[in-house]
Amino acid sequence: HLQQPSIPCIAPDGQFDVGPQGPMIPWGHSFKIICSTQSQYPGGSFYLFREANITRSQSAVDLSASFSFPQADFSHEGKYSCVYEVILSSRSFRSPASELLVITITVHLQQPSIPRIAPDGQFDVGPQGSVITRGHSFTIICSTESQYTGGSFYLFREANITKSQSAVDLSASFSFPEADYSHEGKYSCVYEVILSSRTFRSPASELLVITITASLLPVIGAVVSAVLLLLSVLIIILLVKRRQKQRRESANTYAGGSQDNKYEDDDEADYENVELDENMDHDDSEQDCINIDSDHSEEDYINVDMDDSEEDYVNANVTENKSVLDKSDDNIYEICCDE
C-alpha cells in the first residue's frame, strides 16, 4: 500500500505567486517541483507527469525528489502530478497520482513612465498637461523598469498608435521636430515584448495631455512692423510739412526781393534825372532837374526841386500837339506845370 505523494512547488529565487489555479512563474525565472511521500517502502523513484505524459523521473532520496527548471518557459505550463514507484521482489508497485499542480508561466510588464522634454525649452506645464509653442520641437520619452529587455515601445494618441520604436536601455524617444495643432491630444505609451513567440504588452502609461499654443513671434513682428510703419509715415509727414514751410519762406523772400527790384526798376524806368544846362532860363521857383519820360504816349513824371530844400513830383501830360516854343538843338518842350 503506497500513499498518495505530495507535490509542492517552490521557486529558489522567490519570484512566483500562487494564483487561483496554482503557482504563477515569471517567464525566464527558475522553479522546482518537489515530490515526496510518507511510504514505509524506501528506495523507490518518483515520476513527474505533465498532463498524461511522463516528463522526468528521479530516484527518491529520503522519500522525496526535486525536479528543477532553470529557466521557465511557456512549454513548462500545464498540469503536473507525481507518482512514487517501488520494486519489491521483482514486482513494481506505484502509488496513486498526487494532486494536480497547475503551473502558469507569466510575463509581468510594469507600467511605463512617460515624461516629456523639449530640447529647445519652449514648453510650459498647464493645468491639464504640457503646453508646447507651435513651431517648436518636443520629445516624448517612454521608459520602463521591466526585466524583459529587447522589446519595443508604442506611442498612442487617444486610442491610435502614432509611432513605434525599439527600446534602447528600456526607453525610447519620440521626436516631433515642429509642433503643430495636429499634435494635440492625450498620449500614452505601451511596452511590448516577444517571449517564446508570444507577444506581451504592458499596461498603458498615464496619460500625457499635449496642448499646442500659438507662437507670439508673428504677433510681435506684426506689432513692430506696424509701429515702424507708423513712425515712417509720421517722419514723412514731418518732412513734407517742413519742405512746404521752406518753400513758402523761400517764395516770400523771393516775392519781397522781386517787389523791391520792381520798385527800383520802376523808379529807374519812370524817373530819369536829367541835368539841365545852366544856361536854361527858368524861374527861381522851378526845379533844377526835370525828369522827363521820352515816350509821348505815357504819363511823365517831373521831379521838381522846390526852394533847393525839398523834392516834389508833379504829374504832367505831354502831348504832341503842344506848340514848340524853342526849336533849339536841345529839343526841350515847353511844359506847363502847376505846383
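## Basis and conventions

Two strands are taken to pair if DSSP finds at least two bridges between them. Helices (H or I, at least four residues) and strands (E, at least two) are DSSP runs, numbered from the N terminus. By these criteria, strand 1 and strand 4 (residues 31-36) pair in the antiparallel sense over two bridges.

The structure is a predicted model, in which local features need pLDDT of at least 70 and side-chain atom pairs count only at pLDDT 80 or more, while totals for chains, interfaces and linings use all residues. Residues are numbered from 1 along each chain as its sequence is written, and side-chain values use heavy atoms, with hydrogens and water left out.

## Overall composition

Of its 339 residues, 31% count as buried; buried means under 20% relative accessible area, exposed means over 50%, and partly exposed lies in between (1.4 Å probe, protein chains only). The accessible surface of the protein chain is about 22300 Å², and 49% of this belongs to carbon and sulfur atoms. Accessible areas come from the Shrake-Rupley method with a 1.4 Å probe, and for residues only the protein chains shown count as cover.

Contact means heavy atoms within 4.5 Å. Among contacts in the protein chain with a separation of 6 or more, 59% are between residues 24 or more positions apart.

Strands of a sheet pair through backbone hydrogen bonds, either parallel or antiparallel. An open sheet of three strands has the order 1-4-7, with antiparallel pairing. Its edge strands, strand 1 (9-10) and strand 7 (64-69), each pair on one side only. Ile 10 stands opposite Lys 32 in strand 4.

## Strand 18 and its partners

Strand 18 (185-195) is largely enclosed by the rest of the structure, because nine of its 11 residues are buried. Strand 18 runs antiparallel to strand 15 (residues 152-157), with six bridges joining the two. In this pairing, Phe 156 stands opposite Ser 188 in strand 18. Strand 20 (residues 208-213) is also antiparallel to strand 18, and three bridges join them; here Lys 186 stands opposite Val 209.

Strand 18 pairs with strand 19 as well, in the antiparallel sense over four bridges. Val 193 is opposite Phe 200 in strand 19. Strand 18 and strand 19 form a hairpin with two residues between the strands, in which Ser 196 takes a positive phi near 50°.

## Nonpolar core

A nonpolar core is a set of buried Ala, Val, Leu, Ile, Met, Phe, Trp, Tyr and Cys residues joined through side-chain atoms within 4.5 Å. The largest such core has 49 residues, of which Ile 33, Leu 48, Ile 103, Val 107 and Leu 155 touch the most other members. Strand 18 supplies the largest share of this core, five residues.

Not counting residues up to four places away in sequence, the residues touched by Ile 33 include Ile 7, Leu 48, Phe 67, Tyr 80, Leu 101 and Ile 103.

## Salt bridges

A salt bridge is a side-chain nitrogen of Lys or Arg within 4 Å of a carboxyl oxygen of Asp or Glu. The whole structure has four salt bridges. One of them joins Arg 198 to Glu 77, with the closest N and O atoms 3.6 Å apart. This pair links distant parts of the chain: Arg 198 is in strand 19 (residues 198-201) and Glu 77 is in the loop between strand 7 and strand 8 (78-88), 121 residues apart. Arg 198 is partly exposed at 38% relative accessible area, and Glu 77 is partly exposed at 23%.

Asp 180 and Arg 134 meet in another salt bridge (3.3 Å, N to O). They also link distant parts of the chain, 46 residues apart, with Asp 180 in the loop between strand 17 (171-176) and strand 18, and Arg 134 in the loop between strand 13 (130-133) and strand 14 (138-143). Glu 192 and Arg 201 form a salt bridge at 2.6 Å, N to O. Glu 192 is buried, with a relative accessible area of 11%, whereas Arg 201 is partly exposed at 45%.

## Surface patch

Patches are made of residues with over 30% relative accessible area and no salt bridge: like charges are joined within 9 Å, and nonpolar side chains (Val, Leu, Ile, Met, Phe, Trp, Tyr) within 5 Å. One nonpolar surface patch, with about 1100 Å² of accessible area together, has among its members Val 223, Leu 228, Ile 235 and Leu 239. Leu 239 lies in helix 1 (residues 217-270) and is exposed, with a relative accessible area of 52%.
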